[in-house]
Amino acid sequence: MANPGYGKRTTPDQHPRTNDDFAHLPPREAAIAAYLDRLPDGADISVKTLAKHLPYGQCALGTALNRIQQAGHLRRGRECVTADDGSSRWITRSWFTRTARDDDWWAAFTHGDAPRPQAARPTRSRAHILLAALGRTASVLSLSERDCATLAPLVADWFARGASEGDVLRELTSGLPTPVHHAAALVRSRLTSKLPPPPAPRPPLRVLECANCGAPGRPETLPGGRCSACRGEHAPAQPPAPLSAPTVQAHAAGIRALDVPTTTREGIRMTAPTVRRHSPRARWKGGGTMTPGTADRPLMPIEDFEGLADAAPDHVRLEYVDGRVRTKDPLSVEDFEELERRAPETVRLEYINGKLEVKAMPDGNHSEIHMWLLEQCLHHRPDLRLHHERGVRTEAYRKGRARADGALVRRGHFKGHGEWSAANGVLMVVEITSHDRDTNQRDRIDKPVGYAAVDIPVYLLIDRDHNTVVVYSEPEDGRYQQKTSHSWGTPVELPEPLGFTLDTEELKDYAD
């Protein structure tokens with residue numbers, strides 16, 4: 001939060017939040033505006049503070065805030081306030097609105113003439129709604145608003161014991177007497193007398209942690225209470241796993257695509273995809289245009305590749321093939337880290353299975369989903385922190401470099417760490433899929449293996465293509481032993497060491 005009296009201020013009379021509030025902005029500005037919209041009043045939205053939480057530098061954030069201001073969502077200025085001692089002083093203000101406003105509206109707001117927001121109508125509970133609609137199922141059980149408010153806590157007790165809405169309706173409406181003299185009294189009697197027993201207590205869920213680094217693990221991996229890394233042992237080498245059928249099919253389709261003719265701007269047919277190469281002595285080779293392939297647009301725009309190629313070390317040679325960036329020669333971990341440090345702010349790189357990967361920039365729905373998960377984690381586990389875009393060393397012998405959309409750790413865990421942290425102490429990693437052609441191989445195949453290899457207890461995949469939340473857990477021998485998939489809108493139980501349930505109803509608002 002900013003100092004008292006400073007920070008973000010929300011303007012009055014805003015429209016309800018929708019998926020298209022910032023659709024008119026460019027993707028980067030839309031993502032930043034969605035993040036600002038989620039922040040509470042008083043939050044510090046200076047470029048220095050935002051750069052600590054968003055995957056952009058201060059210069060990029062300054063440019064983006066200026067564009068958001070030009071679109072009518074932001075104004076910055078000063079306001080005269082009266083102190084406790086009666087003196088007046090001017091303080092800095094940053095006013096934000098998700099509803100774009102024109103200059104006339106902001107002028108009226110400056111003079112205090114903007115309309116005030118109307119008081120929000122109180123929302124009704126799930127139990128109250130069920131009782132209010134009871135008369136549609138059995139007309140003799142129509143209830144007044146006062147009866148619904150009085151009986152709602154009794155229905156809530158049923159829900160707390162695992163009963164569904166159908167269970168409650170069935171018990172209330174089956175075998176009704178004729179006539180029904182007092183609907184509210186009958187409903188109260190049935191809710192009280194037929195209340196199901198409380199669910200059996202769950203057995204305790206416990207997990208051991210390393211006494212040195214706090215990394216969770218199975219008892220057999222913590223002899224003497226210490227993990228293999230703290231004992232100075234190396235992880236045993238794992239034989240390469242056979243490729244799955246979808247992976248083989250994807251590779252075969254890629255090979256066949258090499259023989260598919262494409263068309264240049266001049267209409268000349270070519271028998272191989274155009275390749276753009278960069279080396280210290282040769283700037284560009286090849287001509288024609290690129291065919292994006294199966295995706296709507298290349299994973300990396302050509303402008304971003306040119307910036308990356310210009311910044312690359314001299315001994316790292318890059319190629320731009322069909323919207324993807326590749327290295328012409330094998331790339332070491334050290335070369336990757338140097339390339340990643342030099343990459344432009346608009347390029348996010350990862351090193352997975354010995355290959356250079358480009359991670360798509362987040363759009364507005366991606367940012368909203370991350371903020372939803374951040375709020376859920378803070379609500380259930382205030383002792384934990386969900387870090388955005390955290391670099392994690394993954395895969396066997398920590399040879400991979402993944403930039404997770406979220407890394408859930410204990411408060412203060414990353415203090416003093418560099419850009420890439422060991423997986424010890426990471427309780428959960430999160431990936432939110434992007435609509436690019438590499439997301440299947442990257443998020444659904446490669447990353448589960450990489451995260452399991454370093455024994456991260458939980459991998460949470462929020463799949464925007466299928467509108468599901470997938471929970472991977474129990475890493476063993478470089479593979480997650482448990483995988484459960486849940487549709488958006490259903491509760492998602494996270495196993496230990498987290499031990500709480502996600503309410504995914506809000507995710508339906510971000511379906512593409």
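Predicted model: local features only at pLDDT ≥ 70, side-chain atom pairs only at ≥ 80, totals over all residues.
Me: What makes Asp37 buried, and Arg17 partly exposed?
Reply: Buried means under 20% relative accessible area, and partly exposed means between that and 50%. Asp37 has 6%, so it is buried. Arg17 has 37%, so it is partly exposed.

Me: How do you know that Glu171 and Lys194 meet in a salt bridge?
Reply: Their N to O distance is 3.5 Å, and the limit is 4 Å, so the pair counts. Glu171 belongs to helix α8 and Lys194 to the loop between α9 and β4, so parts 23 residues apart in sequence are tied together. Glu171 is partly exposed at 28%, and Lys194 is partly exposed at 35%.

Me: Why is Arg444 called buried?
Reply: Its relative accessible area is 19%, and the cut-off is under 20%, so Arg444 is buried. Its side chain meets that of Asp463 in a salt bridge of 2.8 Å, N to O. This pair links helix α14 with strand β17, 19 residues apart. Asp463 is also buried, at 3%.

Me: What makes the buried residues of helix α9 line one face?
Reply: The buried residues are Ala183, Ala184, Leu186, Val187, Arg190 and Leu191. Down the helix axis they fall within an arc of 165°, so they line one face of α9. They pack against α5, α6, α7 and α8. On the other side, Thr192 and Ser193 are exposed.

Me: Why is strand β18 described as largely enclosed?
Reply: Seven of its nine residues are buried, so the rest of the structure largely encloses β18.

Me: How do you know that β18 pairs with β17 and with β19?
Reply: Pairing needs at least two bridges. Six bridges join β17 to β18, so these antiparallel strands pair. Eight bridges join β18 to β19, so these antiparallel strands pair as well. Ile462 stands opposite Val469 in β18, and Ser473 stands opposite Gln482 in β19.

Definitions and conventions:
Residues numbered from 1 in each chain as written. Heavy atoms only, no water. Buried < 20%, exposed > 50% of the residue type's maximum accessible area, 1.4 Å probe, protein only. Helix = DSSP H or I, 4+ residues; strand = E, 2+ residues; numbered from the N terminus. Arc of directions from axis to C-beta. Contact = heavy atoms within 4.5 Å.
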